[in-house]
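Subject: Model handover, chain and domain interfaces

Hello,

Please find the model below. My notes on its interfaces follow.

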Protein chains: 2
Amino acid sequence: MTQAIHEAWKYQGLTYPNPAVGCCIVGAKGELLAINAHQKAGKPHAEVLALQDAYVKLTNDFKILNFTNSFEIHNYLLANHNNCFENIFLYTTLEPCSHIGKTPSCASLISNLKIKKVFVGSLDFNEEASQGNKKLLDSGVEVENCLMQNECNKLLEPFLQWKKSNFIFFKWAQRLNATIDDGIISSTQSRKNLHGMRSVCDLIVIGGNTVRMDRPTLDARLVDGKAPDVLIFSRQKEFDTTIPLFHVANRKVFIADNLSLCHDYKNIMIEGSAKMFELTKEIVDYYLCYIAPTFGGSHGFENVNAKFDILNLHQDEIDIIMWMKRIDKNDE
Amino acid sequence: MTQAIHEAWKYQGLTYPNPAVGCCIVGAKGELLAINAHQKAGKPHAEVLALQDAYVKLTNDFKILNFTNSFEIHNYLLANHNNCFENIFLYTTLEPCSHIGKTPSCASLISNLKIKKVFVGSLDFNEEASQGNKKLLDSGVEVENCLMQNECNKLLEPFLQWKKSNFIFFKWAQRLNATIDDGIISSTQSRKNLHGMRSVCDLIVIGGNTVRMDRPTLDARLVDGKAPDVLIFSRQKEFDTTIPLFHVANRKVFIADNLSLCHDYKNIMIEGSAKMFELTKEIVDYYLCYIAPTFGGSHGFENVNAKFDILNLHQDEIDIIMWMKRIDKNDE
């Protein structure tokens with residue numbers, strides 16, 4: 001389950017409006033057959049991708065790898081599994097879905113493949129998709145619930161926030177010596193990851209100073225994605241309209257001295273420096289930090305105090321990518 | 001092998017004068033039976049600890065866990081293995097030793113247990129211990145060499161430096177916003193890890209300013225370890241002798257305006273800030289950075305430029321511990 005959780009975190013921020021979910025498949029002797037995660041809404045669920053990988057390991061039938069569409073993978077598995085999953089265990093961070101949406105139900109698939117036992121982290125709070133466990137149990141699959149539930153619930157928190165109101169994360173990229181000025185900081189890989197997140201955000205909030213200094217575009221060009229709307233959080237009403245962010249197609253730009261616009265959006269990224277960090281601390285759910293393993297630049301997060309819990313940490317080729325929750329706010 | 005390497009890095013800096021070595025044991029179906037690492041000179045080698053864990057998994061005989069001494073574990077395994085390792089694979093980051101030193105030879109043990117196949121990362125450059133592979137092959141164990149050799153060699157570099165001359169690493173602890181002032185930064189766990197490293201260092205090099213400002217002790221009290229000698233690198237010859245580092249038993253303190261004393265020591269830790277970082281860049285092999293997930297303090301590594309390759313990254317309860325190599329020096 002630890003590995004399923006870690007894999008899922010790699011796609012946190014990219015799966016909106018779906019939750020980040022990871023899945024591991026393990027053989028009768030405990031051998032690891034597959035680790036995979038849900039990567040993007042509309043693409044296969046974590047369980048389907050992991051079952052696809054495990055099927056190849058168990059059968060050496062590589063033909064299934066020609067399919068990327070969830071329906072096709074489902075159908076191929078159902079037609080060809082030949083009971084190869086009979087003694088197999090499946091670990092998933094979230095209860096398998098029971099509804100047919102953009103993809104067929106994972107609970108049905110798992111039942112039909114006659115998986116021996118399913119370990120579930122978080123129970124599904126989404127009423128449309130839930131009752132997956134019931135479907136599994138009804139078909140004779142063993143189910144163990146709530147394995148590493150706390151860790152799985154942290155992974156699920158953005159999704160639960162989307163359902164309830166909205167999810168707001170504060171993102172910054174820094175060097176190891178915590179500077180954020182003086183040109184491009186992050187690796188191409190990290191910037192693609194960030195653009196992927198932007199392409200599923202509906203609003204970016206940014207401070208007026210950063211807009212004036214950096215003259216950013218704030219789009220998702222590195223992944224050919226849709227650019228989110230922008231809220232410039234500033235008391236100043238006028239900005240130099242030659243700044244690139246004003247010239248992105250299909251985008252609205254707002255300027256306001258308050259954050260009430262956030263109520264109208266679901267998945268919100270705040271970009272900024274120490275001042276924005278302080279001003280937004282009451283509304284931010286998670287923090288996302290990219291660290292480039294370099295020294296350079298001059299200015300960064302000065303005169304701020306905070307304490308974080310690291311939710312997940314991984315290295316993406318060059319940079320460190322880290323999701324955190326602040327643990328020094330008064331309400332906690 | 002990836003997991004064996006990662007496990008070994010957790011003990012990098014603690015195994016002097018032995019190399020950091022990791023070992024994984026995998027069953028016939030590919031199931032992971034054990035991951036372990038050499039933790040400290042005089043304690044069992046990585047292979048012995050991993051074989052001990054794997055034996056428990058294979059036999060459910062927990063009695064072997066009563067033994068912590070390498071001879072006892074060897075003897076228990078030899079007397080009780082009952083060919084349970086016949087279809088088992090062993091991955092080790094370094095060629096198993098063939099000599100009987102503080103512990104019996106791992107190559108003999110592996111041969112006697114009739115392990116099916118051994119995957120080796122780095123070949124042993126230590127003439128005393130080498131020829132482990134030959135011993136394995138002579139007894140009919142299959143051997144595959146040089147698996148992930150580059151990564152394993154990076155793990156081995158401190159050991160090779162000790163053999164050749166000395167290994168010098170630059171250590172610092174910072175907050176996420178790169179400050180290094182204003183009291184204790186690291187978690188208790190990280191500081192214990194650091195004290196463990198100090199207890200096997202023979203020299204700490206520190207700048208005169210840091211000595212005056214921080215008034216450090218620079219001992220290994222958190223692990224009841226031996227305190228290394230200290231070189232204060234400073235043009236000033238006189239220091240306030242009430243500073244605690246001058247009052248540690250069995251320690252020599254030197255004050256010099258050059259680093260030539262380093263030639264007389266094998267395992268050297270440099271502690272300091274930006275100035276020391278610049279002054280020592282030509283002699284440092286590896287960099288070790290502890291990052292506390294907090295914001296605070298005021299000053300850190302200002303006005304420095306550097307680019308690192310992250311060799312290993314892991315989180316130790318709270319803090320991030322990161323070994324790095326500098327990749328922007330002129331000679332590379």
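A polar contact here is a pair of N or O atoms within 3.5 Å; within protein, one of the two must be able to donate a hydrogen and the other to accept it, and residues adjacent in sequence count only if both atoms belong to side chains. By that rule, 10 residue pairs are in polar contact between chain A and chain B, with both residues at pLDDT 80 or more. Keep in mind that this is a predicted model.

Chain A to chain B

The interface between the chains involves 30 residues of chain A and 30 residues of chain B. Together the two chains bury about 2,500 Å², and carbon and sulfur atoms account for 67% of that area. The number of salt bridges between chain A and chain B is 0. On chain A, at least two residues of the side touching chain B come from each of strand 6 (167-175), strand 11 (286-292), strand 12 (294-295), strand 13 (306-316) and strand 14 (319-326). Strand 13 of chain A gives the largest share, 6 residues. Sorted by class, this side of chain A holds 19 nonpolar, 8 polar and 3 charged residues.

Strand 13 of chain A also pairs with strand 12 (residues 294-295) of chain B, in the antiparallel sense and over 2 bridges. Opposite Lys307(A) stands Thr294(B), in strand 12 of chain B.

Domain 1 to domain 2 in chain A

Chain A is split into domain 1 (2-162) and domain 2 (166-326). Their C-alpha centres are 32 Å apart. At the interface, 12 residues of domain 1 of chain A are in contact with 18 residues of domain 2 of chain A. The area buried between these domains is about 1,600 Å², 58% of it from carbon and sulfur atoms. Of the area that domain 1 of chain A buries against domain 2 of chain A, 37% comes from Trp9(A), Tyr16(A) and Trp162(A), more than from any other three residues.

Across this domain interface there are 2 salt bridges. Glu157(A) forms a salt bridge with Lys325(A), where the closest N and O atoms are 3.1 Å apart. Helix 1 (2-9) and helix 6 (149-164) of chain A each provide at least two residues of the side of domain 1 that touches domain 2. Helix 6 of chain A provides the largest share of that side, 5 residues. By class, the side of domain 1 comprises 5 nonpolar, 4 polar and 3 charged residues.

Regards

Definitions and conventions. Residues are numbered from 1 along each chain as its sequence is written. Chains are lettered from A and ligands numbered from 1 in the order in which they are written. This is a predicted model: local features need pLDDT of at least 70, side-chain atom pairs count only at pLDDT 80 or more; totals for chains, interfaces and linings use all residues. Side-chain values use heavy atoms; hydrogens and water are left out. Contact means heavy atoms within 4.5 Å. Buried area is the accessible area (1.4 Å probe) that two parts lose on being put together, summed over both. A salt bridge is a side-chain nitrogen of Lys or Arg within 4 Å of a carboxyl oxygen of Asp or Glu. Helices (H or I, at least four residues) and strands (E, at least two) are DSSP runs, numbered from the N terminus. Ala, Val, Leu, Ile, Met, Phe, Trp, Tyr, Cys and Pro count as nonpolar, Asp, Glu, Lys and Arg as charged, and the others, Gly among them, as polar. Two strands pair if DSSP finds at least two bridges between them. Domain bounds come from an automatic or database domain assignment.
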